[in-house]
Amino acid sequence: MQVAAFWKRFPSYGGAFDVVKSFFGDRPWSSVMALPWKWPAHINVLEMQALAVTVRRVTSSPDAAGCRVLFLGDNTSVVAAFAKGRCSSFALLSKLRQLSAVVLAHGIFPVSVWVPSESQPADEGSRLFEH
């Protein structure tokens, strides 16, 4: 999985990676979970599934309610679909609708930002299961 999430009550900033990097600086990140893919599928579908797991984990904390949640992703299609709330791929759209319902029900405000793979804090965890 290559989705990093952070939540905090912070003011609204632009969605550019440079703003995110300047806000967080070079603070250390740690992986909370790393899971292998459960089935073979298109990478966009797998990345959307990883985002769904992350959203469910974030919303399981009562502290996340009412917070702006920052999701860093290195898959452009998934980041853009989650940021816009729409996409043309039915496989992604069905999962996106489920995510939107969870986000709405739990009252979080997601901010989806694309980051280069080499800057992705969760990238190391995704490499644990490569053969």
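A nonpolar surface patch is formed by Val 32, Met 33 and Leu 35, which together have about 250 Å² of accessible area. Patches consist of residues with over 30% relative accessible area and no salt bridge, nonpolar side chains being joined within 5 Å; a salt bridge places a side-chain nitrogen of Lys or Arg within 4 Å of a carboxyl oxygen of Asp or Glu. Areas were computed by the Shrake-Rupley method with a 1.4 Å probe. The structure is a predicted model, in which local features need pLDDT of at least 70 and side-chain atom pairs count only at pLDDT 80 or more, while totals for chains, interfaces and linings use all residues. Residues are numbered from 1 along each chain, and side-chain values use heavy atoms, without hydrogens and water.

Val 32 lies in the loop between α1 (17-24) and α2 (43-59), helices being DSSP runs (H or I) of at least four residues and strands (E) of at least two. With a relative accessibility of 61%, Val 32 counts as exposed (over 50%; buried is under 20%, partly exposed in between).

In helix α3 (residues 76-84), the buried residues are Val 78, Val 79, Ala 81 and Phe 82. Viewed down the axis of α3, these residues fall within an arc of 165 degrees, so they line one face of the helix; the arc is taken from the directions from the helix axis to the C-beta atoms. They pack against α2, β2 (68-73), α4 (90-106) and β3 (109-114), contact meaning heavy atoms within 4.5 Å. Thr 76, Ala 83 and Lys 84 are exposed on the face turned away from the buried side. Ala 80, also in α3, counts as partly exposed at 31% relative accessibility.

Note on methods:
Patches are made of residues with over 30% relative accessible area and no salt bridge: like charges are joined within 9 Å, nonpolar side chains (Val, Leu, Ile, Met, Phe, Trp, Tyr) within 5 Å. Buried means under 20% relative accessible area, exposed over 50%, partly exposed in between (1.4 Å probe, protein chains only).
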